[in-house]
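Please look through the structure shown here, then work through the questions and answers that follow.

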Amino acid sequence: MIDLHNHLLWNIDDGSATVEETTDHLRAAEEIGVVALVCTPHLYHPQYPAVTPGLIRERLADCRRLLPADSSLRLFSGAEHYFSEDFLRAIQRQEEIVSINDGQYILLEFGPFFTMHGADHMVRALRARGCTPLIAHPERHSYLNGHSATLSRLMEQGCNFLMNSKSLTGRYGRQIQETAQRLLQMGFIHAIASDAHSASGMRTHYPDAFAWTMEKWGRQAAELLFLINPWLILHGLPTVPFFDEFALQQTLKIHGVMDS
Ligand SMILES: [Fe+2]
């Protein structure tokens with residue numbers, strides 16, 4: 001599995017508080033078979049004003065040093081960019097943002113002040129800068145999940161959608177769980193990530209959601225959401241729609257074994 005969304009970097013947001021917690025988080029990821037983690041602390045979030053791209057990169061470099069020499073786990077840069085005026089200004093001024101593995105995808109979290117007009121503006125600004133928005137947990141936002149027209153419009157504008165594994169397993173309640181399953185069924189979801197804030201979240205919800213997806217949709221569909229599309233996103237490549245078996249086979253033919 002390749003996890004595109006988590007809060008494992010310590011003492012930076014509401015994720016790991018200490019180096020020890022981060023170490024446990026990394027151990028948990030290895031135990032469940034994660035091969036790559038994109039570290040995505042909150043950025044431009046009003047609750048964490050001290051977080052900057054520079055701080056994220058510094059903490060990521062420190063975190064890489066925690067990995068044992070023989071670890072097969074790889075860590076990549078990223079951030080969960082909060083939908084805000086500050087973030088829009090930063091995009092327009094060409095200030096530094098933290099895209100996934102410094103490629104074209106940028107993880108974007110819509111807050112409670114979402115409007116379609118504001119989202120249009122934000123998505124246009126990101127597209128003009130050559131970025132592909134990857135919208136975090138659309139199933140958790142009532143203004144998105146009840147309106148497939150809104151999601152369709154964002155998708156037509158080139159956005160991809162990243163679901164939380166915890167939504168599928170019912171961590172946020174039955175309503176969000178049902179919405180998550182429905183959005184998956186409707187083909188809106190490109191990938192599933194842990195959004196884990198601790199080692200226990202990594203050890204439970206993430207593998208449980210993989211198992212659920214495999215049981216309901218089959219192994220190939222589960223691999224598409226947890227490994228193949230995350231690999232394509234990590235490398236800045238177009239994703240495969242869920243669940244287009246022909247497109248998946250074509251992509252696998254082009255890229256072969258995704259081992260880097
Ligand atoms: Fe998050």
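Q: Which residues of H11 are buried?
A: This is a predicted model, where local features need pLDDT of at least 70, side-chain atom pairs count only at pLDDT 80 or more, and totals for chains, interfaces and linings use all residues. Residues are numbered from 1 along each chain as its sequence is written. A residue is buried if 20 or more other C-beta atoms lie within 10 Å of its own, exposed if 12 or fewer, and partly exposed in between, with C-beta atoms placed from the backbone. The buried residues of helix H11 are Ala 222, Glu 223, Leu 224, Leu 225, Phe 226, Ile 228, Asn 229, Pro 230, Trp 231, Leu 232, Ile 233 and Leu 234.

Q: Why is H11 described as largely enclosed by the rest of the structure?
A: Helices (H or I, at least four residues) and strands (E, at least two) are DSSP runs, numbered from the N terminus. H11 covers residues 219-234. It is largely enclosed because, of its 16 residues, the number buried is twelve.

Q: Is His 235 buried, exposed or partly exposed?
A: His 235 lies in the loop between H11 and helix H12 (245-255). Within 10 Å of His 235 there are 15 other C-beta atoms, so this residue is partly exposed.

Q: How far apart in space are His 235 and Leu 4, C-alpha to C-alpha?
A: In sequence, His 235 and Leu 4 are 231 residues apart. In space, C-alpha to C-alpha, the distance between them is 12 Å.

Q: In what order do the six strands of the open sheet stand?
A: Two strands pair if DSSP finds at least two bridges between them. In this sheet of six strands the pairing is parallel, and the order is E3-E5-E6-E7-E8-E9.

Q: Which strands stand at the edges of that sheet?
A: An edge strand here has a single partner strand, so one side of it is left without a neighbour in the sheet. The two are E3 (42-43) and E9 (191-193).

Q: How many residues of strand E6 are buried?
A: Both faces of E6 are covered, with Tyr 105, Leu 107 and Glu 109 buried on one side and Ile 106 and Leu 108 on the other. Strand E6 (residues 105-109) is therefore largely enclosed by the rest of the structure, the buried count being five of the five.

Q: What is the handedness of the β-α-β unit made by E6, H4 and E7?
A: A crossover is right-handed if, with the strands pointing away from the viewer, the path from the first strand over the helix to the second runs clockwise. The unit of E6, helix H4 (residues 116-128) and E7 is right-handed.

How values were computed: Expected span 1.5 Å × (residues − 1).
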